Amino acid sequence: MFDYNFHWRPVMKSLPDLLAAGLTTLQIAVLSMAIGIIIGLALALIRMNMRGPVKWFASTWVELARNTPALFQLFFFGFGLGAIGVHLSPHTIVLAALSFNCAGYLAENFRGGFQAIPDTQIRAARSLGMTAWQAYTRIIIPQVFRIVYHPLTNQMVWAVLMSSLGMLVGFRELSGETQALASRTYRIFEYFAVTAVIYYVIVKLILGASRLLATRLFRY
């Protein structure tokens, strides 16, 4: 027979801690996305324009990031590197795993964006006296970001949600803080219900900000 007494007071007292942990979750997701965008863009350009070991390295990164579990990647940076004497803090472990994963997925998004732009635009820019760097930074890459804008938003949401795996290596983001507080007070349902709402609000804020930014940047 169902017999559970709900007690929300401990959760409400801990709400500032949960919100602070939610901010930590958002911060690690934003930072990993920024790193992932930079590395992902570089990986895409390398795979399209270079050969030899450098291209092999870029392709291997993308294949591993996209075809291995995110939990495996987290454990690799946490426990795999630790086995060979490289010990990272929980924050660094989560940041490295998220950045590695985001870079791999974003590299393919960027590559698709580059391939969607006709090669004639590069030739036209070079014929006007632009260097290859100027042609890419002023003409090609802005168009690529417009093409991959919505996949970038989806990856940002994924980074927020995947950061919850950090609790497995001791990182006190939102899920980790929730687990610690719930185990201390035995208010499992109440804490996880409130945390689910916080995650929902974070994701909705990201999607709303993304739509607002799109209307400003692209005049949708």
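The largest cavity has a volume of about 60 Å³. A search of the whole structure finds one cavity of 30 Å³ or more. Here, a cavity is a set of points on a 1 Å grid over the protein atoms alone where a 1.4 Å probe fits but cannot get out, and lining residues have an atom within 4 Å of a point. Grid points are joined across faces, edges and corners, and a volume is the space filled by probe spheres set on the points.

Before you click further: this is a predicted model, in which local features need pLDDT of at least 70 and side-chain atom pairs count only at pLDDT 80 or more, while totals for chains, interfaces and linings use all residues. Residues are numbered from 1 along each chain as its sequence is written, and side-chain values use heavy atoms, with hydrogens and water left out.

**Stop 1: the cavity lining**

Select Ala 70, Gln 73, Leu 74, Val 94, Ala 97, Leu 98, Met 162, Ser 163, Leu 165 and Gly 166 to see what lines the largest cavity. Helices H4 and H5 each give at least two residues to this lining. Sorted by class, the lining of the largest cavity holds seven nonpolar, three polar and no charged residues. For these classes, Ala, Val, Leu, Ile, Met, Phe, Trp, Tyr, Cys and Pro count as nonpolar, Asp, Glu, Lys and Arg as charged, and the others, Gly among them, as polar.

**Stop 2: the whole chain**

Now zoom out and switch to a cartoon view. How many helices and strands does the chain have? There are 10 helices and zero strands; these are DSSP runs numbered from the N terminus (helices are H or I with at least four residues, strands E with at least two). The C-alpha trace spans about 75 × 50 × 30 Å along its principal axes. Of the 220 residues in the chain, 40% are buried, where buried means under 20% relative accessible area, exposed over 50% and partly exposed in between (1.4 Å probe, protein chains only).

**Stop 3: the largest pocket**

Next, select Met 33, Ile 37, Phe 145, Tyr 149, Leu 152, Thr 153, Met 156, Ile 206, Ala 209, Ser 210, Leu 213 and Phe 218, which line the largest pocket. A pocket is an open set of grid points with protein on both sides within 12 Å along at least five of seven lines. The volume of this one is about 250 Å³. The lining of the largest pocket has 10 nonpolar, two polar and no charged residues.

**Stop 4: Gln 155**

Stay with helix H8 and pick Gln 155. Its relative accessibility is 7%, so Gln 155 counts as buried. Show its neighbours too: leaving out residues up to four places away in sequence, Gln 155 touches Met 33, Asn 101, Cys 102, Tyr 105 and Leu 106. Contact here means heavy atoms within 4.5 Å.

**Stop 5: where H2 crosses H7**

Display H2 and H7 together: their axes come within 13 Å and cross at roughly 110°. The two helices are therefore roughly perpendicular to each other. Ile 37, Leu 41, Leu 45 and Asn 49 of H2 make the contact with Tyr 136, Ile 141 and Phe 145 of H7. This contact has six nonpolar, one polar and no charged residues. Axes are lines fitted to C-alpha atoms, for helices over the stretch in contact, with angles from 0 to 180 degrees between N-to-C directions; under 35 degrees counts as roughly parallel, over 145 as roughly antiparallel, 65 to 115 as roughly perpendicular and the rest as oblique.

**Stop 6: the second largest pocket**

By class, the lining has eight nonpolar, one polar and two charged residues.

**Stop 7: Arg 172**

Finish in the loop between H8 and H9 (174-185), where you will find Arg 172. With a relative accessible area of 41%, Arg 172 is partly exposed. Apart from residues up to four places away in sequence, Arg 172 touches Ala 21, Thr 24, Glu 177, Ala 180 and Arg 184.
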